Amino acid sequence: MADVVLKNVHKSFGRTAVIHGVDLHVRDGEFVVFVGPSGCGKSTLLRLIAGLEDITAGDLLIDGQRVNDLAPARRGIAMVFQSYALYPHMNVYDNMAFGLELAKSSKAEIDRKVREAARLLQIEQLLDRKPRQLSGGQRQRVAIGRAIVREPKVFLFDEPLSNLDAALRVQTRIEIAKLHNDMRATMIYVTHDQVEAMTLADRIVVLNGGRIEQVGTPLDLYHRPANLFVAGFIGSPQMNFVPCQVAGLGPGEVLVSLPGGGTLAVPVQPDGVTTGEPVTLGIRPDHVRIRSEGALGGRVELVEELGENHLLHVDAGQGRLTIREPGDARHEVGSTVRFDLTREFCHLFRRSGEALPSRTGAASPAPSSPNLSSSAA
Amino acid sequence: MTSAVAQGNVSVPQQARGRRSSLTRSRIRSAWAFIAPSLIILALIAGWPLARTIWFSFTDANLNNLSDYEFIGFENYLANYDGEWLGLLTDPDWWHSVWNTVWFTLVSVSIETVLGIIVALILNAAFPGRGLMRAIILIPWAIPTIVSAKMWNWMLHDQFGVINDLLLRLGLIAAPMTWTANADTALWAAVMVDVWKHTSFMALLILAALQMLPQDIYEAAKVDGVSPIRVFFRITLPLIKPALLVAVIFRSLDALRVFDLIYVLTSNARDTASMSIYARQQLVDFQEVGLGSAASTLIFLIIAIIVVITLAAGRVRLGEDPR
Ligand SMILES: Nc1ncnc2c1ncn2[C@@H]1O[C@H](COP(=O)(O)OP(=O)(O)O)[C@@H](O)[C@H]1O
Ligand SMILES: [Mg+2]
């Protein structure tokens, strides 16, 4: 068990710079998830930590020791690959035992470790099988088992669930969370799926274009995104963005004029914005309230029924808005709806994309789950 | 080999017989239609000459007059005239040529396999100019054997050869060696030329297998801290084994039929004759079509037996996926 520290880490492949200076401190026993769009450098960053790629500049410390120049095997890490990377000609037992055979462990010791990991992952009955005789989920367990037997200080996962079907993904996700609870090992986990990130992480690192956009707990990122990118990336369906203008400033309040007419007082710190400055207002689909006397209106373009709730895609004149409401839809395509934006849940972003700090600066604005509570007002 | 593959295509599980759907039937019919041309061509160019050779081996046919011969049973192989055993199986020259051929095959194919693996591993690593290297190593293979044999014959010449000159200058030998005329060194010279010519072929077949291997398992091994040597013997070698076996069989088939290389290099010497050289001598020089055919038939049998043994030893079916 160890902490992992990245200090201004850069990585270039030839002339292509991929990682542009990453600073990060992963604490001992923490579950940190790297999330970001495809190609943003998540895998590269993980492979730098693993030692599968050379660090171009910067320092990497594991357990206080600078490991830039250490071979992967000597960094005390274990990695689970997206493609499982099982040895195709070895059975499950040998796949797990192979890496131990050179660590000067005795046969009995190896056997004990392999069987214990197999029991933990419930793959005891598969030990004699070859990888090709296993389902995707079973292969993934073997890959995790192979990591466990090495008793690493740090576990590295590169999109371990992305080759599994939806149901299995949820199940395996829960098991990985349980594994972390049981082992309390430091885990760094890469995914492009923000639901995985939200559910698994102690802290999420949002990456974009080789840079860290924000680091924080899942709810931190959800309630207080630092910028437009994070606001758009975290949360599903995506946060609505409405272009508007600053109409006035108050103490701990910014008055904005909405494109459809009318103004809204958003409770955020003005932090130097000036009247007339264009800003982007962000609001999640759950926080747009349909009501007949609503200040804003639009035409329903598309209805998506999800069972426990439904999504209305509304053309509000200046762009589209998504609204999430509980239960079955009560509006048809083509009908007009009126709605309000719940101002406590509004975010404001400068033209540079940076968020204006929320007024309290402390806890989230009223505890509200992304799953909707119709009582929110 | 071709016909074995063909049978695989059209075999039907036993329980499905009798209840075959019309779709299955039409598929089987079109499968046969597709392989029929190759079966016919194979029968014409391989089956017919083979059958004729086997037939001639049981006759006293002579090259002077091929239409006039008699069936004489196994007399070309083994016959007893007045208490004296005669025939191919009693000819020490034949057995010597068998030994020469088998020795030549074992030694040259072993060396080619080891060198081929090494060259393939090198070419599989990423380095600048790799594509050019791959083309260059194929050059010896692309030169016709007769040409390279003649070429090496000159280089190994006892008086004018560059090799003797080089070794003399380096002080490694005291006097010029008669490499190709001396029975002790002639077969080694043949092995060397064969290795020079065929290692690249071996290397390319192995390289193709190496490039099919998944890369992620090598990263997993790296994380596990497995040494490169162990990675080779425990991961790479088992995974390329089927392809390696195919390459070894191809090369062995070739080497067991060796003719032109040894014929040219050692000027048709008796001591270094291979099985094919022996058969040609009976057929052409001595005009004994019957005896030559018997030798050819035995060559066919020996090669078949060796291939079967090799396949069994590898316990791998051709085309099986180790994964
Ligand atoms: N070996 C490599 N050589 C050159 N470019 C690479 C290499 N590996 C990754 N890249 C580039 O680095 C960027 C980040 O890749 P990656 O870390 O795999 O992204 P992801 O976040 O999807 O895992 C991509 O633009 C990719 O093309
Ligand atoms: Mg990736």
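1. A quick term before we start: contact here means heavy atoms within 4.5 Å. With that in hand, look at chain A of this predicted model, where six residues of domain 1 are in contact with five residues of domain 2. Domain 1 of chain A covers 4-229 and domain 2 covers 242-349. Their C-alpha centres lie 39 Å apart.

2. Staying with chain A, here is the overall picture. Its secondary structure comes to eight helices and 20 strands. Taken along the principal axes, the C-alpha atoms fill a box of roughly 75 × 45 × 35 Å. Of the 377 residues in chain A, 50% are buried. If you take the contacts in chain A with a separation of 6 or more, 65% of them are between residues 24 or more positions apart.

3. Strand β9 (residues 203-208) pairs with strand β10 (residues 211-216) in the antiparallel sense, over five bridges. Pick A:V205 and you will find that its bridge partner in β10(A) is A:V215. The hairpin has two residues between the strands, and A:G209 takes a positive phi near 55°.

4. Now the aromatic rings. Over all chains, the structure holds 20 aromatic pairs. One of them is A:Y87 with A:F98, an edge-to-face pair at 5.2 Å centre to centre and 80° between the planes. This pair links distant parts of the chain, eleven residues apart: A:Y87 is in the loop between β6 (77-80) and α2 (92-97) of chain A, while A:F98 is in the loop between α2 and α3 (107-120).

5. B:F58 and B:F74 are both in the loop between α2 (22-56) and β1 (79-81) of chain B, 16 residues apart, and their pair links distant parts of the chain. On accessibility, B:F58 counts as buried because its value is 18%, and the cut-off for buried is under 20%. B:F74 is at 56%, so it counts as exposed. Both residues belong to a cluster linked by ring pairs, along with B:W55, B:F56, B:Y69, B:F71 and B:Y77.

6. Two arginines in chain A are worth a click. The charged end of A:R146 sits over the ring of A:Y87, 5.0 Å from its centre. Likewise, A:R284 has its charged end over the ring of A:Y222, 4.0 Å from the ring centre.

7. Back to chain B for an annotation. An unreviewed UniProt entry lists residues 98-310 of chain B as "domain: ABC transmembrane type-1". In the model, that span is 78% helix and 0% strand, and its end C-alpha atoms lie 18 Å apart.

8. Finally, helix α12 (residues 275-285) of chain B. Which of its residues are buried? They are B:M275, B:S276, B:I277, B:Y278, B:A279 and B:Q282. These buried residues pack against α3 (92-124), α10 (228-256), α11 (260-265) and α13 (289-314) of chain B. After α12(B) comes B:Q287, with a positive phi near 60°.

Notes
Residues numbered from 1 in each chain as written. Chains lettered and ligands numbered in written order. Predicted model: local features only at pLDDT ≥ 70, side-chain atom pairs only at ≥ 80, totals over all residues. Heavy atoms only, no water. Phe/Tyr/Trp six-rings, centres within 6.5 Å; stacked < 30°, edge-to-face > 60°. Helix = DSSP H or I, 4+ residues; strand = E, 2+ residues; numbered from the N terminus. Buried < 20%, exposed > 50% of the residue type's maximum accessible area, 1.4 Å probe, protein only. Lys NZ or Arg CZ within 6 Å of the ring centre and 35° of its normal. Pairing = 2+ DSSP bridges. UniProt positions renumbered as here; feature names shortened; annotations may be inferred. Domains from an automatic or database assignment.
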